[in-house]
Amino acid sequence: MSEHAAAALAERAGGNPFYLRESSLLLAGEGERQALGRVPQGVQDVLRRRLALLAPTVTAGLRLAAVAGREAAVALLVRATDGDADQLLDALDAGVTAGLLTEPRPGTVRFTHALVRDTLEGALTRLRLARMHSRLGRALIALGSDDVAATAHHLLQAAPVVTADAGTAVHHARLAGEQALRRYAPQNAEVLLTAALGLLSDHPAAFADQDATVLRVRLLGQLVECRIRMGAVAPAREAQEQAVRVARGEGRADLLTAAYTTWTEPTPWRVRAYAVSDPEAVEELGKLLEDPGLTDRQRCLLLDQLADALDDTDPRAVAHRAVELARTLGEPRLHGLTLASLLRRVDCELEPEAYLELHRELGRVADSQDSPEYSWMTAYTAARNDPAAMERCLVRGDEIARTYELQGAFAVARLRRPLLAMAQGRFEDAERDLGAAVAELRARGAVDLTGLAALAVGCIRLQQGRIAEVLPVLLAVWERYQTAQRGQHRSRAARLGPPRPGPRGGRPARADPAGLRSCAGCGSGRSRGGTGAGRRASTAPGPGGAAGRGTPAAPRASCPPGWRPGRSSGGSAASRRGPAPPVRATALRSRGARPAA
């Protein structure tokens, strides 16, 4: 049993030994999900017999309280009842006398056990439950409640049946989503916004008096933000692409601008698979940037998106323009966003001075607005090639991530630990931690990291003198990289003119991963500890060489010619199968061992 399940069961049982025993039996028989989501049959039978002894008016009042939640204000229940107020008060009083309710504060009632509440609510039909949610949501609005999350919850539950509540439900879902993001609870925001988008799709007639397309784009924009905060970069990208498709369908430039400017949060990792550009987006963004009516903020966000759509086809000039514009606007979060994007494109090993200057600037931005996201980024990427300093920075970054529940950042930080272990010669720990980190990032919705994992394992095997074991996987990643890059090379060649001839005046030779192929027999004559260069601390994943580049800096002998350190294939078909089983080095030297791309 997990710690979460143990705490939840204890809370639901409220100290009642019988409730706890029955819940434990359900847990043992059907697992945590069922135990936490259902009332055990034995508990239901006992509670139903007990409730049957109460007057129908008392049961009705208790059921309204159950729909309101574990705890509810008496004034809210009085406002929401469809009967007499005195009758409701008598019902609540009877519930307290029977030991089903307590009064933790004047004017508030609370169920003694969550299982009692769940049993009462579970006996309601969906139609009656929706009508009760509707009355409670409207009562909260009438009372001027500032609990927008509770209002949104009740109205979203009611709207599929009481469609008149749909517009108000979506409005409060947006407000509650914004509040949840401010409180660092993006998962709550995602639930609310997903439900609101579902209403918009299922009940279009309820939004006839609104611009439903604009509303959809705005909701998707909020969904992008909360998914980035969760570390779910790929689903965030999907939400933005959906907003763009909606805008394209309407043929409206203002909606396209709104859709492309939904990405307002920094990401410590790549936002698309490696070497994947978006020509259609590049063309659209170029046209949108020609609009003289854009605000500076819109122009800055569009430039940031253009740099992303270009990906590795030389977006540095565009990213620099976005940073330069952001510096003039006096908006720290926008400034930090553009800096983080540019840092992903600066190779910290090849351009250390430029990288460090941008890193220091990002640190100043973080300090100026007390931003936990940017503070985490500066702590996470501060130290390089110094294991002790890296360890201190990891501890600091983890503290920030835990304090503000930056779950996506915490998951990314796990990737740095295997690199640190590899730099310290703890290869088994590095491989184990690498697998766990990649699995967690993939589960959270990060860009596929299987290719990165294959290259990292290749670096480990190289330092162990066992590169032959994973050579087929590395060759497959290389072939995938070559395939993905050819289209970009062709587009660059079209701008730069005809290619230069080869050494003898003929056609340029096709790049060949000879560096990898020559490593087939490197398992002989090497120490288990690897070379001194291999033991050197690797570049950590994070902005620029890190978040942007996607792999640790590997010893040069393990990389094919022209392969810049820290590039990920985005996950080829071969790399998704994981490391190949050990094979004989003599077989790897033959042409027949070359894997398909």
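A salt bridge here is a side-chain nitrogen of Lys or Arg within 4 Å of a carboxyl oxygen of Asp or Glu. Arg297 and Glu331 meet that rule, with their closest N and O atoms 3.0 Å apart.

**Confidence**
- The average pLDDT of the chain is 76, and 69% of the residues score at least 70.
- Residues 487-597 have a pLDDT below 50, yet this stretch makes 232 contacts in the model beyond near neighbours in sequence.
- A friendly caution applies to such contacts: where pLDDT is low, the predicted coordinates should not be read in detail.

**Nonpolar cores**
- The largest nonpolar core contains 103 residues, and Leu219, Tyr260 and Trp376 have the most contacts inside it.
- Helix 13, spanning residues 212-230, gives the most to this core, contributing nine residues.
- Setting aside neighbours within four places in sequence, Leu219 touches Val170, Arg174, Leu193, Ala196, Leu197 and Leu200.
- Another core, of 29 residues, lies apart from the largest one and includes Leu47, Leu62, Met132 and Leu140.
- As background, nonpolar side chains tend to be buried together in soluble globular proteins.

**Salt bridges**
- In total, the structure holds 27 salt bridges.
- Asp254 and Arg252 join their side chains in a salt bridge of 3.0 Å, N to O; Asp254 is partly exposed at 46% relative accessibility, and Arg252 is partly exposed at 25%.
- Glu399 pairs with Arg396, their closest N and O atoms being 3.7 Å apart.
- Because Glu399 and Arg396 are three residues apart in helix 22 (residues 387-403), about one helical turn separates them.
- Glu399 is partly exposed, with a relative accessible area of 40%, as is Arg396, with 45%.
- Glu225, Arg229, Glu265 and Arg333 form one network, joined by salt bridges that share partners.

**Aromatic rings**
- The charged end of Arg237 sits over the ring of Trp263, at 4.7 Å from the ring centre.
- With ring centres required to lie within 6.5 Å, the count of aromatic pairs comes to zero.

How values were computed:
Residues are numbered from 1 along each chain as its sequence is written. This is a predicted model: local features need pLDDT of at least 70, side-chain atom pairs count only at pLDDT 80 or more; totals for chains, interfaces and linings use all residues. Side-chain values use heavy atoms; hydrogens and water are left out. Rings of Phe, Tyr and Trp (its six-membered ring) pair if their centres lie within 6.5 Å; planes under 30 degrees apart count as stacked, over 60 as edge-to-face and the rest as tilted. A charge sits over a ring if NZ of Lys or CZ of Arg is within 6 Å of the ring centre and within 35 degrees of the ring normal. pLDDT is the predictor's confidence in each residue, from 0 to 100. Contact means heavy atoms within 4.5 Å. A nonpolar core is a set of buried Ala, Val, Leu, Ile, Met, Phe, Trp, Tyr and Cys residues joined through side-chain atoms within 4.5 Å. Buried means under 20% relative accessible area, exposed over 50%, partly exposed in between (1.4 Å probe, protein chains only). Helices (H or I, at least four residues) and strands (E, at least two) are DSSP runs, numbered from the N terminus.
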